[in-house]
Amino acid sequence: TAVGSPQIHLSARLQVTGEAEYADDLPLPSNGLHAALVLSQKPHALIASIDSLEAKASPGFEGLFLAKDVPGHNSIGPVIYDEEVFATRCVTCVGQVIGVVVADTHENAKFAARKVQIQYEDLPPILSIEDAVNAKSFHPNTEKIMRKGDVDLCFQSGRCDKIIEGEVHVGGQEHFYLEPQSTLIWSVDGGNEVHMVSSTQAPMKHQQYVSHVLGLPMSKVVCKTKRIGGGFGGKETRSAFIAAAASVPSYLLNRPVKLTLDRDIDMMITGQRHSFLGKYKVGFTKEGRVLALDLEIYNNAGNSLDLSLAVLERAMFHSDNVYKIPNMRILGRVCFTNFPSNTAFRGFGGPQGMLIAENWIQRIAVEVNKSPEEIREMNFQSEGWMLHYGQELQHCTLGPLWNQLKQSCDFAKAREEADRFNLQNRWKKRGVAMVPTKFGISFTTKFMNQAGALVHVYTDGTVLVTHGGVEMGQGLHTKVAQIAASAFNIPLSSIFISDTSTDKVPNTSPTAASASSDLYGAAVLDACEQIKVRMEPIASRRNFSSFAELATACYLERVDLSAHGFYITPEIGFDWQSGKGNAFRYFTYGAAFAEVEIDTLTGDFHTREANVILDLGYSLNPSIDVGQVEGAFVQGLGWVALEELKWGDGAHKWIPPGCLFTAGPGNYKIPSVNDVPLKFVVSLLKGHPNVKAIHSSKAVGEPPFFLASSVFFAIKDAIIAARAESGHTGWFPLDNPATPERIRMACLDEFTAPFVSSNFRPK
Ligand code: MTE
Ligand code: LUZ
Ligand code: MOS
């Protein structure tokens with residue numbers, strides 16, 4: 001059957017030939033206009049005046065729209081309405097939308113938007129997590145606490161041989177989807193219905209925002225998405241405010257409007273992965289067994305709440321990574337800062353929470369003079385372990401994964417060889433690391449775990465499937481088509497999945513949280529099963545030579561060959577009141593080994609080997625899944641070691657405070673082919689069906705992302721070897737990304753000695 005086989009991604013052919021269509025490829029109708037946004041240039045300021053004379057006189061100008069022009073409501077937001085479509089009195093970040101200009105061409109629209117003169121009265125901005133913490137600048141009602149055992153009692157009991165405290169700074173990351181944010185929007189039938197095609201993970205959010213902003217019923221607003229050129233969480237919510245801005249001129253002028261962001265603007269205004277600050281206090285035995293963890297985590301939300309609370313919560317759920325922590329207390333806070341609102345990004349806070357955990361694990365290893373791998377193993381959770389949020393660990397495959405990896409990478413030998421290399425080389429050092437992960441599968445917001453589908457069987461035996469999920473390159477449509485093909489026992493080529501559309505399947509959650517093949521696969525299967533039940537009386541009458549013949553026979557017998565399917569994830573729900581519950585349906589586990597070589601004089605590095613293993617149950621499509629693992633790992637590698645966001649901090653004249661300096665590939669380095677590990681092995685654990693999801697499979701999209709931290713800890717391991725040569729043996733901080741500057745400065749030697757102390761933390 002189709003399920004479980006390595007089918008080629010259904011749009012691979014179109015994508016590699018460049019024929020696949022994206023939102024911006026749609027031709028703009030002849031009366032269509034191009035839009036450009038008028039953006040704040042101040043991180044925090046009152047708007048004193050807006051002068052549009054010059055803009056109105058610029059070539060091709062067709063209109064400027066501000067807050068006062070919004071026909072419905074100007075307030076939007078995915079969870080609470082704390083954002084404005086167009087800023088009214090006050091701006092709270094550089095890049096906040098103040099207005100939208102439409103013109104005959106994209107260039108003219110941008111030109112006119114730049115000509116809008118805005119006078120500001122500056123207010124003091126908050127431009128770091130530290131500043132936010134000091135100023136107690138938090139989003140309202142976002143303090144979260146999780147507890148297990150009694151941390152204070154454990155620290156006081158004398159049972160801990162050692163108690164250490166430290167800080168971890170976790171860097172952000174730009175999504176850098178290949179296709180920038182884009183919406184084409186138009187009205188139909190005289191102007192009272194609005195349709196749009198958007199590059200989004202959340203067509204329903206676009207429908208909601210646009211109906212709210214224009215004052216139209218949701219039933220008259222349609223959003224369609226055929227495919228998107230990557231989302232990675234960056235289009236889970238942050239696409240919708242752009243659609244909302246474009247909807248205003250389109251509706252008021254009754255003309256189609258296209259708004260596609262240039263790369264620099266996209267990077268500047270649509271938010272990134274949250275940077276985090278973690279403050280830990282951890283108590284452990286002299287063997288390295290963890291007894292208690294007191295943790296505070298802060299995330300950099302930016303100027304609106306967006307999904308930041310859910311991101312913080314997922315970080316809290318993942319702050320144990322895979323370790324037994326008998327006593328644990330986590331305090332989480334969402335920092336209001338004067339940056340564009342940060343948002344979902346592959347892992348959704350999970351990687352940040354786990355990276356903080358691996359930091360103190362690595363530190364314990366140094367303190368007790370053992371390898372981090374030994375400390376990791378010693379503290380592994382196992383079957384039946386009660387997690388710090390009251391969910392019991394079931395079907396844990398961490399042990400088999402870890403052992404298989406240890407064998408396949410021959411860790412002991414790799415360790416030895418790296419040590420030997422390091423003895424023989426003064427200015428090059430090698431490092432190795434093995435890191436495990438577990439990623440919770442479900443939206444932590446319970447109601448989001450629902451999915452709808454619509455399946456039509458036609459008389460020629462072909463099947464049109466639509467469902468609420470968006471194809472963003474992850475292969476969702478391919479997997480769902482496999483599920484439908486298997487259900488009807490027909491070839492994959494008989495299934496067609498057309499665009500995602502709010503008028504075919506309503507009320508959909510964003511395509512996110514890695515759960516889409518679980519959710520939409522099950523919803524589609526439900527629809528297929530309904531149709532099969534209706535076909536059964538006809539099918540049992542005689543043998544049909546083909547599915548087409550059967551479908552035609554059913555049609556002639558007036559059988560309904562269309563069904564709506566629905567699925568909700570059973571048995572989940574975490575209760576913040578009691579601090580307990582099944583936050584997740586199940587976990588996807590993985591482990592990775594990495595070996596790196598660093599140049600201690602330049603801080604350059606390369607990954608000599610990465611060996612990654614995931615438990616994906618019975619994979620729905622192993623070739624797509626291996627692709628997801630490779631992609632997630634390399635994207636994670638960018639996060640831990642290459643990609644650094646830099647903002648104006650007031651010190652540089654030519655770059656305003658709070659303005660993104662790294663707004664393009666010229667000075668923001670995402671992984672390229674040169675950064676892919678020289679030897680890159682990905683394998684999937686065999687023989688462990690997942691009883692909790694469709695066809696025994698597991699979700700794959702986000703879980704492998706964190707495994708790239710093995711590269712980070714291998715770099716740290718190499719730095720340890722470098723420092724040892726100049727007599728530095730204690731623990732030292734290293735924050736991600738491990739850029740050449742950070743690697744170089746951490747490799748203490750006679751050249752750095754005049755400038756830095758041994759616990760220097762390169763900024
Ligand atoms: N793969 C590709 N090619 N492009 C993407 O944008 N997004 C990732 C992951 N893999 C992404 C991707 C993220 S953040 C998520 S949550 C999942 O895909 C979403 O899809 P799924 O639920 O079908 O796994
Ligand atoms: N989005 C969301 C997510 O709203 N809730 C989640 O738990 C989540 N997890 C991962 C990615 N996106
Ligand atoms: Mo993914 S961060 O859930 O879009």
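Two strands pair if DSSP finds at least two bridges between them. By that rule, β2 and β8 (residues 117–122) pair in the antiparallel sense over six bridges. This is a predicted model: local features need pLDDT of at least 70, side-chain atom pairs count only at pLDDT 80 or more, and totals for chains, interfaces and linings use all residues. Residues are numbered from 1 along each chain as its sequence is written, while chains are lettered from A and ligands numbered from 1 in the order in which they are written.

**Overall build**
- The protein has 19 helices and 28 strands. Helices (H or I, at least four residues) and strands (E, at least two) are DSSP runs, numbered from the N terminus.
- Its radius of gyration is 27 Å, close to the 27 Å that the globule rule gives for 763 residues, so the protein is as compact as a globular protein of that length. The radius is taken over C-alpha atoms, and the rule is 2.2 Å times the number of residues to the power 0.38.
- The C-alpha trace spans about 80 × 75 × 50 Å along the principal axes.
- Of the 763 residues, 57% are buried. Buried means that 20 or more other C-beta atoms, placed from the backbone, lie within 10 Å of the residue's own; exposed means 12 or fewer, and partly exposed is in between.
- Among contacts between residues at least 6 apart in sequence, 80% join residues at least 24 apart. A contact needs C-beta atoms, placed from the backbone, within 7 Å.

**Strand β2 and its partners**
- Strand β2 covers residues 45–51 and runs antiparallel to β6 (residues 90–91), joined by two bridges.
- Leu46 stands opposite Cys90 in β6.
- Ile50 stands opposite Ile118 in β8.

**Around ligand 1**
- The shell holds 21 residues, and Arg346, Gly473, Gln474, Ser516 and Gly701 come nearest. A residue is near if its C-beta atom, placed from the backbone, lies within 6 Å of the molecule.
- Helices α15 (516–539) and α17 (622–642) each give two or more residues to this shell.
- By class, the shell has seven nonpolar, twelve polar and two charged residues. Ala, Val, Leu, Ile, Met, Phe, Trp, Tyr, Cys and Pro count as nonpolar, Asp, Glu, Lys and Arg as charged, and the others, Gly among them, as polar.

**Backbone exceptions**
- Most residues other than glycine have a negative phi, and most peptide bonds are trans.
- Asp189 has a positive phi, near 55°. Asp189 sits in the loop between β11 (182–188) and β12 (193–198).
- The bond from Asn736 to Pro737 is cis, with omega near 0°.

Conventions. Two residues are in contact if their C-beta atoms, placed from the backbone, lie within 7 Å.
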